[in-house]
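Subject: A structure for you to look at

Hi there,

Here is the structure I promised to pass on. Have a look at it first, and then read on for what turned up.

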Amino acid sequence: MDAAKKKYSIIVPTYNERLNIALIVYLIFKHLRDVDFEIIVVDDGSPDGTQEDVKQLQTLYGEDRILLRPRPKKLGLGTAYIHGLKHASGNFVVIMDADLSHHPKYLPSFIKKQLETGASIVTGTRYIKGGGVHGWNLMRKLTSRGANVLAQTLLWPDVSDLTGSFRLYKKSVLEDVISSCVSKGYVFQMEMIVRASRKGYHIEEVPITFVDRVFGSSKLGGSEIVEYLKGLVYLLMTT
């Protein structure tokens, strides 16, 4: 099946992303000119006017290309993907952040890699040649790298970037994997890729540079490392 017969549903969870949403949408359209896709914005009741901006974008690009599927309040990342999946008409699903830390310029390389390999999942990685992180201080780089090395050592899933959240899935694979995940927040992405690996799905990687959010404030709090370690122990015991 070539790209012309494939449709990509891009799920973008948002909370207070009014400053970023128009730019991310513009960049997705710019970099996917010859691809059939839809953008599904799952907004968790942002008080900053994110939904109003998405509605304006719908008048510009069309409600068939930009779907606003809001929820009443913050209900977590995993359930945001499940909610978006219910409305996805594509046979492939991309998950990415709205804060510009995941640049849409990488989307063509995700699609190309999947077409070339037939992979069930293509994941962006900061930790192979050509990948990296921009805008993090040394402590955050060491924490992230250490978290990945620790998870690699304990869980051996054969994926270099376990906590990344910029991925392309076959829709059926995402539905299968997500249904067996129980983690919340920071650990959720790691559980998804570990369970996919355990189930024997074909996973490929492409290098990306992760850029710390451009506008707005980070939603990661001081408890993220504790949650991560708890999640690691949980996955060690259940996978």
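Which residues in α3 meet which residues in α6? Gly 78, Tyr 81, Ile 82 and Leu 85 are the ones in α3, and they meet Lys 171, Leu 174, Glu 175 and Ile 178 in α6. Contact here means heavy atoms within 4.5 Å.

Before going further, please keep in mind that this is a predicted model, in which local features need pLDDT of at least 70 and side-chain atom pairs count only at pLDDT 80 or more, while totals for chains, interfaces and linings use all residues. Residues are numbered from 1 along each chain as its sequence is written, and side-chain values use heavy atoms, with hydrogens and water left out.

The chain as a whole

The chain holds eight helices and nine strands. Both are DSSP runs numbered from the N terminus, with helices being H or I of at least four residues and strands being E of at least two. Of its 239 residues, 51% count as buried, where buried means under 20% relative accessible area, exposed over 50% and partly exposed in between, using a 1.4 Å probe and protein chains only. The accessible surface comes to about 11,000 Å², and carbon and sulfur atoms make up 56% of that; areas come from the Shrake-Rupley method with a 1.4 Å probe, and for residues only the protein chains shown count as cover. Among contacts with a separation of 6 or more, 81% are between residues 24 or more positions apart.

How the helices pack

Two packed helices are described by the angle between their axes and the distance between the axes. For α3 (residues 77-86) and α6 (residues 171-179), the axes come within 11 Å and cross at roughly 140°. That makes α3 oblique to α6. Axes are lines fitted to C-alpha atoms, for helices over the stretch in contact, and angles run from 0 to 180 degrees between N-to-C directions. Angles under 35 degrees count as roughly parallel, over 145 as roughly antiparallel, 65 to 115 as roughly perpendicular and the rest as oblique. The crossing of α3 and α6 is left-handed; that word applies if the near helix is turned anticlockwise from the far one by less than a right angle, and right-handed applies if clockwise.

α6 also packs against α7 (residues 188-198), with axes that come within 9 Å and cross at roughly 110°. These two helices are therefore roughly perpendicular to each other. Leu 174, Val 177 and Ile 178 of α6 make the contact with Phe 188, Met 192, Arg 195 and Ala 196 of α7. The crossing of α6 and α7 is right-handed.

In α1, the buried residues are Asn 20, Ile 21, Ile 24, Val 25, Leu 27, Ile 28 and Phe 29. Their cover includes β1, β2 (36-43), α2 (50-61), β3 (66-68) and α4.

Arg 167 is found in strand β7 (residues 167-170) and is buried, with a relative accessible area of 0%. One polar atom of its side chain lies 3.0 Å from the backbone oxygen of Gln 189. The side chains of Arg 167 and Tyr 169 are joined by a polar contact of 3.3 Å. A polar contact is a pair of N or O atoms within 3.5 Å; within protein, one must be able to donate a hydrogen and the other to accept it, and residues adjacent in sequence count only if both atoms are side-chain atoms. Beyond its neighbours within four places in sequence, Arg 167 touches residues including Val 93, Phe 110, Asp 161 and Met 192.

His 102 is 65 residues from Arg 167 in sequence and 9.9 Å from it in space, C-alpha to C-alpha. His 102 lies in the loop between β4 and α4 and counts as buried at 2% relative accessibility. Its side chain reaches the backbone nitrogen of Asp 97 at 3.0 Å.

Two positive phi values

Most residues other than glycine have a negative phi. Asn 16, however, has a phi near 55°; Asn 16 lies in the loop between β1 (7-14) and α1 (18-31) and is partly exposed at 30%. Leu 100 has a positive phi of about 75°, sits in the loop between β4 (92-95) and α4 (107-117), and is buried at 11% relative accessibility.

Happy exploring!
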